[in-house]
Amino acid sequence: MTDARTVLPRSAVSWLVVGDQTWPVWHAVVDSRIYVIGGPGEQPVPELPEQLQVILRTKDTRAKVGPVPARALRLHPGVPAWQPAVDALLAARQGVPSEALLDRWKARCAVWAIDIDLDAHLPRPAPDEHSGARVAAATTATTDRWRPRHLGRPRRRR
């Protein structure tokens, strides 16, 4: 069984479950703590409650792990935990970080530290459990009847 302890260090994306809504976020991981940033110019992250749940995915099979119970704490500039969080987020960021980015984070963004409960019991998903993917919308676009002429014809040798 895959558990959060093995999945968390290798993940870069998670889903935060807040109320009845799920928010996909990129994050940085340090030990068993996830750091998330949200705000203007960054990913949309709501005001997080102290208790929430996090859904992880395995990197190799993309299997769902969770939801895992977690605790969120907002970090403010000037507190000792803020600088390690920002350093981890800057290292995990896909784009090239700059001083202007750090200034914007200080002025307008929210940095969150989320502690995952790695010892929580996670139920094993049933083999036939629905993945959560949406059903494809019905459309008239189809190729059921017509196929290009070159499909299904043996290749001519030269």
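## Salt bridges

A salt bridge is taken here as a side-chain nitrogen of Lys or Arg within 4 Å of a carboxyl oxygen of Asp or Glu. By that criterion, the side chains of Arg 74 and Glu 47 form one in this predicted model, with an N to O distance of 3.6 Å. Arg 74 belongs to strand E6 and Glu 47 to the loop between E4 and E5, so the pair ties together parts that are 27 residues apart in sequence. Arg 74 is partly exposed, at 31% relative accessibility, whereas Glu 47 is exposed, with a relative accessible area of 56%.

The search of the whole structure finds four salt bridges. One of them joins Asp 115 to Arg 33, with the closest N and O atoms 2.6 Å apart. This pair links distant parts of the chain, Asp 115 being in strand E7 and Arg 33 in strand E4, 82 residues apart. Both partners are partly exposed: Asp 115 at 31% relative accessibility and Arg 33 at 23%.

Another salt bridge is formed by Glu 42 and Arg 104, where the closest N and O atoms are 2.4 Å apart. Glu 42 is buried, with a relative accessible area of 13%, while Arg 104 is partly exposed at 23%.

## The largest nonpolar core

The largest nonpolar core has 22 residues, of which Leu 16, Leu 48, Val 54, Trp 112, Ile 114 and Ile 116 touch the most other members. Two or more residues are contributed by each of helix H1 (4-7) and strands E1 (13-18), E4 (33-38), E5 (51-57), E6 (64-75) and E7 (110-116).

Ile 114 illustrates the packing. Beyond its neighbours within four places in sequence, Ile 114 is in contact with Leu 16, Ser 32, Arg 33, Ile 34, Val 36, Leu 48, Val 54, Ala 70, Arg 71 and Ala 72. Apart from this core lies another, of 16 residues, which includes Trp 82, Leu 101, Leu 102 and Trp 105.

## Helix H3

In helix H3 (residues 99-108), the buried residues are Leu 101, Leu 102 and Trp 105. Viewed down the helix axis, these buried residues fall within an arc of 100°, so they line one face of H3. An α-helix has 3.6 residues a turn, so residues three or four places apart point the same way.

The buried residues of H3 pack against E4 and helix H2 (82-92). On the other side of H3, Glu 99, Ala 100, Ala 107 and Arg 108 are exposed.

Note on methods: Residues are numbered from 1 along each chain as its sequence is written. This is a predicted model: local features need pLDDT of at least 70, side-chain atom pairs count only at pLDDT 80 or more; totals for chains, interfaces and linings use all residues. Side-chain values use heavy atoms; hydrogens and water are left out. A nonpolar core is a set of buried Ala, Val, Leu, Ile, Met, Phe, Trp, Tyr and Cys residues joined through side-chain atoms within 4.5 Å. Buried means under 20% relative accessible area, exposed over 50%, partly exposed in between (1.4 Å probe, protein chains only). Helices (H or I, at least four residues) and strands (E, at least two) are DSSP runs, numbered from the N terminus. Contact means heavy atoms within 4.5 Å. The arc is that of the directions from the helix axis to the C-beta atoms.
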